[in-house]
Amino acid sequence: LLDVSWFTESMRAGRPVEVLDRHQLQERPSGEPELEEFSVASYACQRRTSLENHNSSLTDALSLLAENAELNDEEGRGVAFRRAAALLKALPSAVLGVSQLRGLPCLGEHSLRVIKEILETGTSSEVESTRASERFKALKALTGIFGVGAKTADRWIREGIHDLQQLRASGQVLNRAQRAGLQHYADINQPVTRAEADAIQAVVEKAVSSVLRGAQIVLAGGFRRGKLSGHDVDFLITHPEEGREVGLMPKVVSWLEAQGFLLYQKTTRNSYLESIDGPGRPPSNMDRFERCFSIFKLPVAAESSQRAWRAVRLDLVVSPISQFAFALLGWTGSKLFERELRRWAGHERGMSLSSHALYDNKQGVYLRAASEEEIFTHLGLEFIPPSERNA
Ligand code: DCT
Ligand code: MG
């Protein structure tokens with residue numbers, strides 16, 4: 001049955017919605033009931049996508065193909081599979097036949113073929129052969145090392161390195177991040193739980209408030225969207241008085257280091273200056289804040305483990321309060337939701353959105369916002385709460 005919020009939202013947006021009760025389904029000559037056609041808005045940022053996914057076998061398959069494309073540096077294909085998966089995540093019920101998907105946007109021929117095969121046979125041959133391929137397995141294993149991206153992994157594979165053992169034996173020169181990544185490989189590849197994120201938040205809160213009174217931290221990323229686990233923990237830090245946040249990150253990092261909480265850290269300075277950089281360009285918008293990539297040493301309750309601690313990936317980002325709403329929106333994700341927001345802004349509104357600012361290209365002005373709600377309003381979008389940005 002249709003989710004009511006999705007229905008009312010569609011009605012308000014003037015989009016066609018088909019509502020059919022079971023008894024309204026028409027019998028086809030074959031005796032099979034005609035399946036209801038789904039209808040959804042084309043941009044993920046116009047839709048509500050909760051964590052409840054009625055099509056996880058299909059979205060898992062498409063996500064694997066997306067991941068494989070990304071690992072092979074085929075961004076366009078990756079995005080196409082991500083969009084198709086996101087569309088299925090937003091459907092109010094399980095897809096029973098491809099005829100239901102006829103009118104949907106963003107479903108390319110390739111994705112449709114994969115969906116059809118899974119609906120008919122239970123699996124996709126392309127997904128299974130990808131999953132089993134030596135190259136995919138090697139790319140996954142090597143990029144699972146913190147500090148190793150698809151390009152490095154590809155170079156190593158071409159040199160005959162397919163797994164950690166071969167990497168260790170190869171004598172490859174690793175940088176500091178990769179050495180830490182290799183050392184803490186098992187921990188970092190074990191999902192982080194919400195309870196662990198909360199425990200880290202308590203420590204970071206203590207660090208932040210001891211170095212600057214009044215500074216605030218917010219848990220962003222997947223946990224803010226309600227996920228119960230993630231691959232890392234993301235925090236945004238700000239101060240209600242503009243400018244007081246300057247110099248905050250090194251102090252927070254020193255505090256954490258002095259207490260022995262950091263196994264690795266690399267801090268990048270804030271390099272965004274509106275007057276110099278102009279409106280943020282989408283490809284560069286994630287890395288302009290003062291940011292600390294780290295590996296956190298999380299104490300573990302003695303009775304639950306042989307070990308006293310475990311390693312967890314932790315990202316800290318400092319934002320001036322004037323950019324905080326943009327930073328929060330940008331760092332809450334999901335990655336596809338963010339990409340779609342920027343695409344909507346550019347294609348539908350003639351605006352440039354980044355994690356720092358929103359710029360109206362036609363009027364030539366920055367649009368200020370003190371909350372996420374105001375940014376959605378500027379963009380002409382209905383507000384979507386974090387828990388429904390799981391596209
Ligand atoms: N982000 C983005 N574009 C990127 C990278 C990140 O828009 N290229 C945003 C979206 C989410 C946020 O930053 C944090 O990134 P991740 O931690 O990678 O994502 P996540 O949703 O928190 O995933 P996980 O739960 O696995 O940590
Ligand atoms: Mg995260």
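Which residues is Ile237 in contact with, once we leave aside its neighbours within four places in sequence? Hold on to that one for a moment, and hello, everyone. What you see above is a predicted model, so please keep that in mind as we go.

Back to Ile237. Leaving out those sequence neighbours, its contacts are Val208, Ala215, Ile217, Leu248, Leu316, Val317 and Val318. Ile237 also has a place in the largest nonpolar core, which has 83 residues. The residues with the most contacts inside that core are Leu62, Leu236, Ile237, Leu316, Val317, Ala327 and Leu358. As general background, nonpolar side chains tend to be buried together in soluble globular proteins.

Let me step back to the whole chain. The protein has 391 residues, and 35% of them are buried. Its secondary structure comes to 17 helices and 10 strands. If we take contacts with a separation of 6 or more, 66% of them join residues 24 or more positions apart.

Now for the strands. Strand E4 covers 233-238, and it pairs with E7 in the parallel sense over 5 bridges. Here our friend Ile237 comes back: Ile237 stands opposite Val318 in E7. On E7, residues 309-318, there is a second pairing to point out. Strand E6, residues 290-299, pairs with E7 in the antiparallel sense over 10 bridges. As one example, Leu298 has Arg310 in E7 as its bridge partner. And is E7 mostly covered or mostly open? Mostly covered, with 7 of its 10 residues buried.

There is also a sheet of 3 strands. This one is open, in the order E8-E9-E10, and the pairing is antiparallel. Its edge strands are E8 (351-353) and E10 (365-366), each of which pairs on one side only. E8 and E9, residues 358-360, are joined over 3 bridges, and Met351 stands opposite Asp360 in E9.

Next, the annotated positions. Where does UniProt place the feature "binding site"? The entry, which is unreviewed, puts it at Asp232, Asp234 and Asp315. These positions are spread over 84 residues of sequence, yet they cluster in space, with a largest C-alpha distance of 7.4 Å.

Let's visit two of them. Asp232 sits in the loop between strand E3 (229-230) and strand E4. Why does Asp232 count as buried? Because it has 20 C-beta neighbours inside 10 Å, and the cut-off for buried is 20 or more. Beyond its close sequence neighbours, within four places, Asp232 is in contact with Val192, Arg313, Leu314 and Asp315.

Asp315 lies in strand E7. With 17 other C-beta atoms within 10 Å, Asp315 is partly exposed. Not counting residues up to four places away in sequence, Asp315 touches Asp232, Asp234, Arg291 and Phe293. That list includes two of the other annotated positions, Asp232 and Asp234.

Last stop, ligand 1. There are 14 residues around ligand 1, and those that come nearest are Gly221, Gly222, Gly230, Gly333 and Glu338. The elements giving two or more residues to this shell are helix H12 (221-224), helix H15 (324-332) and helix H16 (335-349). How do the residues of the shell divide by type? They come to 2 nonpolar, 7 polar and 5 charged.

Technical notes. Residues are numbered from 1 along each chain as its sequence is written. Chains are lettered from A and ligands numbered from 1 in the order in which they are written. This is a predicted model: local features need pLDDT of at least 70, side-chain atom pairs count only at pLDDT 80 or more; totals for chains, interfaces and linings use all residues. A residue is near a molecule or strand if its C-beta atom, placed from the backbone, lies within 6 Å of it. Helices (H or I, at least four residues) and strands (E, at least two) are DSSP runs, numbered from the N terminus. Ala, Val, Leu, Ile, Met, Phe, Trp, Tyr, Cys and Pro count as nonpolar, Asp, Glu, Lys and Arg as charged, and the others, Gly among them, as polar. UniProt positions are given in the numbering used here, feature names are shortened, and annotations may be inferred rather than shown by experiment. A residue is buried if 20 or more other C-beta atoms lie within 10 Å of its own, exposed if 12 or fewer, and partly exposed in between; C-beta atoms are placed from the backbone. Two residues are in contact if their C-beta atoms, placed from the backbone, lie within 7 Å. A nonpolar core is a set of buried Ala, Val, Leu, Ile, Met, Phe, Trp, Tyr and Cys residues joined through C-beta atoms within 7 Å. Two strands pair if DSSP finds at least two bridges between them.
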